[in-house]
Amino acid sequence: MPKVAKVKNKAPAEIQITAEQLLREAKERDLEILPPPPKQKISDPAELADYQHRRRKQFEDNIRKNRTVMSNWIKYAQWEESQKEIQRARSIYERGLDVDHRNITLWLKYAEMEMRNRQVNHARNLWDRAVTILPRVNQFWYKYTYMEEMLENVPGARAVFERWMEWQPDEQAWQTYINFELRYKEIDRARQIYERFVVTHPEVKHWIKYARFEENHRFVNSARRIYERAIHFYGDDYLDEKLFIAFARFEENQKEHDRARVIYKYALDHIPKENAKELYKAYTIHEKKYGDRSGIEDVIVSKRKFQYEQEILQNPTNYDAWFDYLRLIENEGDFEVIRETYERAIANVPPTKNKHFWRRYIYLWINYALFEELEAADFERTRQVYKACLELLPHKVFTFSKIWLLYAQFEIRQKNLKIARKILGMAIGMCPRDKLFRGYIDLEIQLREFDRCRILYQKFLEFGPENCVTWMKFAELETLLGDYDRARSIYELAISQPRLDMPELLWKSYIDFEISQEELDYARKLYERLLERTIHVKVWLSYAKFELSNSNTEDNFNILLARRVYERANDSLKNSTEKESRVLLLENWRDFENTYGDEISIEKVLNRMPRRIKKRQKIIDEDGTEQGWEEVFDYIFPEDEASKPNLKLLAAAKSWKKQSEFKDTPVDDSEDKSSEDVQKLQTDTENN
């Protein structure tokens, strides 16, 4: 092996040369350009024959190597054509066609050679052979017809077109044939071609082209008949909005706006809504241009109907969309359409027996019944709607009281009082609800059937004895009827119930009843009975106000009674843990003494007013872990200091803290520690 020299300096060169620079320098210096071959001048026939022999040998060798490469045959034939050897070129093309007769390029080059050399008959025969062998190659037909037309052989070109049309080519071929006839003013022939064209290719755009052809040549009636034939041809199942839009615009161009409007409406009635978006737009534009106010509104309503139909189709239980749709339909006033729409709406029953999903749905039935009663005045159908709704509801799971009440009120309007009572009785028996009882009782009160009201209240209280409002309403009814003893007995029964939902309202109502009857002793006894059950501060305050409001006594005896109530309340709340209630009582007592008392009584109350202090207490989570400390406010009552001697120690600590704050010594950790000791002392004192 040869010895490889070691590279001593491996550092990069100062001037770097890139591949791009190398290529650019090579191009600038023309390093890749080869010199052209020398030109050969042929001066006599012998040299020409020798040159032709060599070239033919090269072409034949190339063909012999690979016969299927058509470019070799084409180059060979073109070279023979350049040597004016047409027969030889024709022979080469024929040999090539024997190898591959489906090669389109070979046929085209062959025919173009014949046309270049004005061999018309040869070219015509060649095109005949081509379209016979390959009839689906449109390029042959185009070239063939173009050649015949250039030769002004119109009948021959027409014959070629007819042969072509027998193969039912694509639409461009038909259009070429039509344009050919139009160039020679053959309108009738073009019309006949269109007739065959729309049958061969039955597409909407071709019918429209046919109609526009007639319109452009001012055959208005013929164009209208074509549009009508197209609509009849497609029937109701395959209608397209583009056809109707073109038909309507044609009528619009002819100033036939009423016809255009009828076309739009017919299309909107027969085409599915989801396939008529562009039709709606075109109809709207037409009405804005040529329609009146009602026409524009009809278009907008139709468009909104389509939108609601789409929303309902996507989600049949979208009851808000149903409400909007029904409101739109009702404005039109077609009762049959309205009923049909309501039936479609109520058929979408909520899939679950959860009352939350039925709250919107039930209003469809209510609106349906109100429409039948108020708009259609069909009372029998209204009754059927209510019955169907009540049969649909799962009363064992839940019910809607408003349906029962509306049904009963409807029967009352029809003067069927017995049926209304039967309906409400059935409702109370099947699914007793507070609203049903109250509605039934209100009905009987309006009818002045008070005995029935008493029976209903008894049933109501048997159903819900803990409902204080029912007891109060029952007693109010007896009060209005003047039976005060009965009302008092009802109140006594009510307060004796073991469980009540709002007892404070019941007691207040009972007391107000006794006060209204000026039975103050009974009211005072009620307060005393209530205080045996609860010592809430509001009861005491109400009791004191009651005693104070009794101004019929002599020598301000009512003030003494009120003061006595405050004293009893204070003594009662001493043992209560709710210090805020005691503070509220003392504040009201102070205000009372400021108004009605003297200096001695005021001083007595002020001495009982608490002091508010701030203390810290631990924050404990539900799981028992400590989360730190928080500051809270507490009240210290002077009456309680005697029973809690530690409070004196707390007061001494506070005074010591205040004295230490006035000293001029700098604040250090010992002061912080003393404040913490004071707070800890406060906490310990309160805990004790």
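1. Aromatic pairs. In this predicted model, a search of the whole structure returns 31 aromatic pairs. One of them joins Phe59 and Tyr76, whose ring centres are 5.0 Å apart with planes at 15°; the pair is therefore stacked, the cut-off being under 30 degrees. Because Phe59 belongs to helix H2 (residues 45-65) and Tyr76 to helix H3 (residues 70-82), the pair ties together parts 17 residues apart in sequence. Phe59 is buried at 10% relative accessible area, and Tyr76 is buried at 4%.

2. A tilted pair. The ring centres of Tyr194 and Phe213 are 5.0 Å apart and their planes stand at 35°, so this pair counts as tilted. Tyr194 lies in helix H10 (residues 187-200) and Phe213 in helix H11, so parts 19 residues apart in sequence are tied together. Both Tyr194 and Phe213 are buried.

3. Cluster and charges over rings. Trp141, Tyr142, Phe161, Trp164, Tyr177, Phe180 and Tyr184 are linked into a cluster by ring pairs. Arg191 lies over the face of Phe219, 4.9 Å from the ring centre. The charged end of Lys355 is placed over the ring of Phe400, at 4.9 Å from its centre.

4. Helix H12. The 15 residues of H12 (residues 220-234) should span 21 Å at 1.5 Å a residue, and the end C-alpha atoms, 22 Å apart, agree with this. Its buried residues, among them Arg224, Tyr227 and Tyr234, pack against helices H11 (204-216), H13 (241-253) and H14 (257-270). Just after H12, Gly235 adopts a positive phi of about 70°.

5. The chain overall. The chain contains 36 helices and 2 strands. Of its 688 residues, 38% count as buried.

Key. Residues are numbered from 1 along each chain as its sequence is written. This is a predicted model: local features need pLDDT of at least 70, side-chain atom pairs count only at pLDDT 80 or more; totals for chains, interfaces and linings use all residues. Side-chain values use heavy atoms; hydrogens and water are left out. Helices (H or I, at least four residues) and strands (E, at least two) are DSSP runs, numbered from the N terminus. The expected span of a helix is 1.5 Å times one less than its number of residues. Buried means under 20% relative accessible area, exposed over 50%, partly exposed in between (1.4 Å probe, protein chains only). Contact means heavy atoms within 4.5 Å. Rings of Phe, Tyr and Trp (its six-membered ring) pair if their centres lie within 6.5 Å; planes under 30 degrees apart count as stacked, over 60 as edge-to-face and the rest as tilted. A charge sits over a ring if NZ of Lys or CZ of Arg is within 6 Å of the ring centre and within 35 degrees of the ring normal.
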